[in-house]
Amino acid sequence: MNARFARATLLLAVLAATAHADRGADMIPTVANSDYYVTLRPRGDSGIFSVRDRLKPGLQELSPRVGKSVRNVLRRGFQKKYKKELPYLTCLVEILAAGGDAGISILAKQFKGEGKRPELRKVIAEELGKCGDDRALSSLLKMTHDKEPDVAAAAVTACAPYAKVPEKRRKAAVKALIEHYRKTGDRAAGKDRDAPPMRMYLALRGPMNATLKAFTGADGLESPDAWKAWFAENSTKKWE
């Protein structure tokens, strides 16, 4: 195992050394990426915080070749064989979420593959909401349909920072959220409070109302039917 890590580190060092001379910005992230391999070892978790701090700020500025290499290496940390805990995985998510469209795409795929780790799916949704890149919105809208109430609610909340996207996208997002809210309410109707459909509705109700208000500016609407009626009246109007 140690020989394997040594070879991987050497490979990344060579990649750093052969990076274009006029792309000096590639050098620090690539060397940090080699340090990342050390964190994959047992008891190497603490080093991930330093790696995150060095990689995250300039990930979008890397050359395409180096950026792709960095992202591919980072994805390895999600593999279950490394047995990494949530704080470590959160650092990986933070780095990738800062990596523009390519990083967002990786996290969207990772979200789908994390059926048995809802806590990681929740972190992915939360970080996509924090990254400030509105290209994350379409992925977040899909994540609102997660089977775990806490994850779905986190995804709804994470949509709110993108409430000022262009009007066409805003209206499409609002329409999708209201339809999801309405269907969730319909499935919960008449169910006991502890029944799964009601648990989902109760988890989504607050985040849905808050996020829809952020997108529309409408106040005092607190039910799926109220939002559906508002949208029917306002969908063709110009939104500020």
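**Exercise 1.** Of the 65 residues in the largest nonpolar core, which touch the most other members?

*Solution.* This is a predicted model, where local features need pLDDT of at least 70, side-chain atom pairs count only at pLDDT 80 or more, and totals for chains, interfaces and linings use all residues. Residues are numbered from 1 along each chain as its sequence is written, and side-chain values use heavy atoms, with hydrogens and water left out.

Step 1: A nonpolar core is a set of buried (under 20% relative accessible area, 1.4 Å probe, protein chains only) Ala, Val, Leu, Ile, Met, Phe, Trp, Tyr and Cys residues joined through side-chain atoms within 4.5 Å.
Step 2: Y36, L128 and L140 touch the most other members. Helix α5 gives the most to this core, with eight residues.
Step 3: Beyond its neighbours within four places in sequence, L128 is in contact (heavy atoms within 4.5 Å) with residues including A97, I104, L107 and L140.

**Exercise 2.** Describe how α5 and α6 pack.

*Solution.* Step 1: Helix α5 spans residues 86-97 and helix α6 residues 100-112; they pack at an angle of about 140 degrees, with axes 7 Å apart.
Step 1: V93, L96 and A97 of α5 meet G100, G103, I104, I106 and L107 of α6.

**Exercise 3.** Is K83 buried or exposed?

*Solution.* Step 1: K83 lies in the loop between α4 (64-75) and α5.
Step 1: With 69% relative accessibility, K83 counts as exposed (over 50%).

Note on methods:
Axes are lines fitted to C-alpha atoms, for helices over the stretch in contact, and angles run from 0 to 180 degrees between N-to-C directions. Helices (H or I, at least four residues) and strands (E, at least two) are DSSP runs, numbered from the N terminus.
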